[in-house]
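Biologist: I'm new to this one. Could you put it on the screen and walk me through it?

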Amino acid sequence: MMEELSRAVAAAERGAGRAEAVSVARRVLEGACGDDAFWRASLVLVHAGEIALAHRHWGAAVGVDRDVHAVLGGRIMLLRGEVCAAVRLLDGAVSRGVRPALRTNAVAWLARALVEAGELGGARAVLEDGHPRGAVLRSRHPDNARLDNAHPHAAVLGKRRPDSAKLDTGRPDGATFDTGRPDGARLGTGRPDGATPGSKHLAGAELCFARGWLLLAEGQGAAALDEFLDCGRLLEAGGVVNPAVLPWRSAAALAAADRGDLVLARICADKELVAARRWGAPRAVGLALHASALARGGDVVLLEQAIACLGHAPEALRARHDLAQVLLARGEVDRARRHTRQLRDHPQWTRAADVLASRLLRNDGESALSGRQRRIALLARAGRSNREIAAELSLTLRTVEFHLTAVYRKMGVAGRAGLRRAFVPTS
Amino acid sequence: MGGWAADPGHECPAALASGLLAAGESWTEAVEAAERALASPVCRENPWCVSWALVTLVCAGELVAADEHSLALLESHPGDHVLLARACLARCTGDLVTCSALLDLVRHNGTVEIRSAVLYWTVELLVARDELDAAGAVLLDDGLTGPLLLAAEAVVAMAAGRPRDALAGHLACGEALTASGVLNPAVLPWRSSASRAALACGDTEQALRLALEEHTAAARWGEPRALGRCLAAVAGASPPHGEDLLIYERAIRLLDMAHARWELAEVLCDYGDRLTAHRKQAAAGEMYARAAAVEIGDTVLRRRIDAATSGAAAREPVLTPVEAEVARLVCAGLNNREIAARLAMATRTVELHLTRVYRKLGLAGRRELRATRWAWLHRETLRTDREATGGGRG
């Protein structure tokens, strides 16, 4: 049985043979199983998109270790869209000192839950302090990241660390290193080689992903992109290709689209879409569709498909938010309003919905942005200063300011900060 | 690769995949069609279908999928087509040893339909190993025909220092490919190669135009290796105004994403040369070191890296003796006031010397100076200095 479970885990990491993996995991969970098997089988179900099933087994589990139960529960709750419950479970586990083997996963998932809940400060604090080498994050962000944005040549000047060092930052200390599943050695359950590469790199990848997710939410697309690419490197080194484990390519596509690099965004999104369809779990497909839609400059049909695939996952709300923005940019105010109203029912999206609603009220025909205004808006959104924009487009500073004022008025945003969260349609 | 329009004899997803690959527009559909073909029992029996499906996966950069499928096929339906696909895969990831071994094997088996592709890649590998005579001999093989013969001749011409012939060859090859409906640069990046040749002829304008054209086509297909390769060509043909460095960075990121180690090593080297031209020696040194670390067994490239790094070392004494002394002391951890005291000069003079050192080595400041290869190259002297400093104090 344990051997079968190992095969199911491998299938979930490789991203092929979902039905069989699910049936194995289900059988394991229906029988009596140890903490390790419980953890691994539940994660197989989670990756396969069988959230309801995983939730049922989680609720009915008896005699499972408290930490394992809480951390897994957090993951499941997050996927069910119950963000507050996820935060409660994970925060409880992290603050009472979850054991090292689980710690990295707990910290990474807690940070993601906090980001979904809109508590970016909390997420940052968790990633900085909750992690034994909190310095990693601090050394990179936020100041360094901003510096990198401001000086694209920074990497050229020889500051870039060699790849091996880069890989290292993602990894927690040796003690917490071998996660992905709790204490296999102690439980002595069927995984003979305690340090299979998959599990070894997985925890580090989770951390990279959580950091990237936070940076993306903070509007630091460039730094987020680096984290996601690091995450991808770690996963590939561990032979994990299934986007359902960590949708790093979709996330990288979002970050690239945020910076205006639509070509890179499309590469990542398309690759993810193919891989997600291969595995067949709807959530990963939905995330990839969302990313594809943005990489194509805001495709309404793809976004609607994405929302349908995502179901109750918190990412569905983000997709809906983006859809409302795209519709607004297209001048389809009524449809945009309908989606905005649906967003408002969710506490963590109320504020974004209000911003959208006020833009809808003041909407002065965004679709009427001229080509030059659009270019300036995109550059400003990517974090360039007026002076840099003026240099890049060979305009005077005054002209740039003039155009930006028109952009703000047309889009109904209050200023640069508002622009940052707004979707600028590419023609 | 001669028969793009070849009818496999039945309506099959592999034919669809190869059509989409040639047109180079619908990446997702092409990959999914190829995977459908490899899952279909009818196509698996047909070496043509297998070949097209695998080539589509490889050119789409779906290397993991291509690897798994071809390994499975080696057991169930072994054949030269599968071996060639595996050679192609090895080439993509920069495993030139495996690639060359597989190509030799397929070449001696002598399946006619795929002979052109086998011989073309053999020529490329021989040129990379600087075995021009052997490459020239392969060119005479009757099996090498069509656009691939033109491309192979151009590759040899370029290596033999005849860029004009190379340019003409690549352009002719591109014309032939376009005529047969192959518009996808992921199949054969003839414009990048032509761009390099044009650059070697001194025709920057044409080089840039070709590279930009290829970039448009590669962006349409959306595969990072092809895109990275032509971005590097764009950067190479761009004037050194600062933007070129950013383009190199993007190219390197894409090639890294695609695991395209061969192309990556080459582009790192080009980037190093460009950085040297920008007088950023320290950063250039790092790029050469990264290129050397890729280590793929490309003799020509290896020699280029060695020449560049030893050239850099030979150019090292751009620093005057005083400047070098100041730089050394900085590396040893002294501050400006201490250096001034030791060399009996004003602090202001030390600052002036240091400014010149930074400019000459292309560094931003003290921290970078301590981190560069310059410090590493002079570590012997540095150690003495530190001892001397310690001794002076003790």
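Predicted model: local features only at pLDDT ≥ 70, side-chain atom pairs only at ≥ 80, totals over all residues.

Biologist: Take helices α1 and α2 of chain A: are they oblique or roughly antiparallel?

Modeller: α1(A) covers residues 2–14 and α2(A) covers residues 18–30. Their axes lie 9 Å apart, and the packing angle is about 140°. Roughly antiparallel takes an angle over 145 degrees. The angle here therefore makes α1(A) to α2(A) oblique.

Biologist: How many nonpolar, polar and charged residues are in the contact of α1(A) with α2(A)?

Modeller: α1(A) passes α2(A) in a left-handed crossing. On the α1(A) side the contact uses E4(A), L5(A), A8(A), A11(A) and A12(A), and on the α2(A) side E20(A), A21(A), V24(A), A25(A) and V28(A). Sorted by class, that gives 2 charged, no polar and 8 nonpolar.

Biologist: Now α20(A) and α21(A): are they roughly parallel or roughly antiparallel?

Modeller: α20(A) runs over residues 315–330 and α21(A) over residues 333–344, with axes 8 Å apart. They pack at an angle of about 155°, and an angle over 145 degrees is what the label needs. So α20(A) and α21(A) are roughly antiparallel.

Biologist: And how many nonpolar residues does the contact of α20(A) with α21(A) have?

Modeller: This crossing of α20(A) past α21(A) is left-handed. Among the residues that meet are L317(A), H321(A) and L327(A) from α20(A), and V333(A), H339(A) and L343(A) from α21(A). The contact has 2 charged and 4 polar residues, and the nonpolar count is 8.

Biologist: Why do the buried residues of α19(A) line one face of the helix?

Modeller: α19(A) spans residues 300–310, and its buried residues are L302(A), L303(A), A306(A), I307(A), C309(A) and L310(A). Looking down the axis of α19(A), they line one face because they fall within an arc of 160°.

Biologist: What covers those buried residues of α19(A), and which residue just after the helix has a positive phi?

Modeller: The cover includes α18 (282–295) and α20 of chain A. Just after α19(A), a positive phi of about 55° is taken by G311(A).

Biologist: Is L303(A) buried or exposed?

Modeller: L303(A) sits in helix α19 of chain A. Leaving out residues up to four places away in sequence, L303(A) touches H290(A), A293(A), A319(A), D322(A), L323(A) and V326(A). V326(A) is 23 residues away from L303(A) in sequence, and their C-alpha atoms are 9.4 Å apart. L303(A) has 25 C-beta neighbours inside 10 Å and the cut-off is 20 or more, so L303(A) is buried.

Biologist: Over in chain B, where is D130(B)?

Modeller: D130(B) has a positive phi of about 65° although it is not a glycine. With 15 C-beta neighbours inside 10 Å, D130(B) counts as partly exposed. Its place is the loop between α8 (115–128) and α9 (132–139) of chain B.

Biologist: And where is H259(B)?

Modeller: H259(B) also isn't a glycine, and its phi is positive, near 60°. It has 16 other C-beta atoms within 10 Å, so H259(B) is partly exposed. You'll find H259(B) in the loop between α15 (243–257) and α16 (261–277) of chain B.

Conventions: Residues numbered from 1 in each chain as written. Chains lettered and ligands numbered in written order. Axes fitted to C-alpha atoms, helices over the stretch in contact; angles between N-to-C directions. Helix = DSSP H or I, 4+ residues; strand = E, 2+ residues; numbered from the N terminus. Parallel < 35°, antiparallel > 145°, perpendicular 65-115°, else oblique. Left-handed = near helix turned anticlockwise from the far one by under 90°. Contact = placed C-beta atoms within 7 Å. Nonpolar A, V, L, I, M, F, W, Y, C, P; charged D, E, K, R; others polar. Buried ≥ 20, exposed ≤ 12 C-beta atoms within 10 Å, placed from the backbone. Arc of directions from axis to C-beta.
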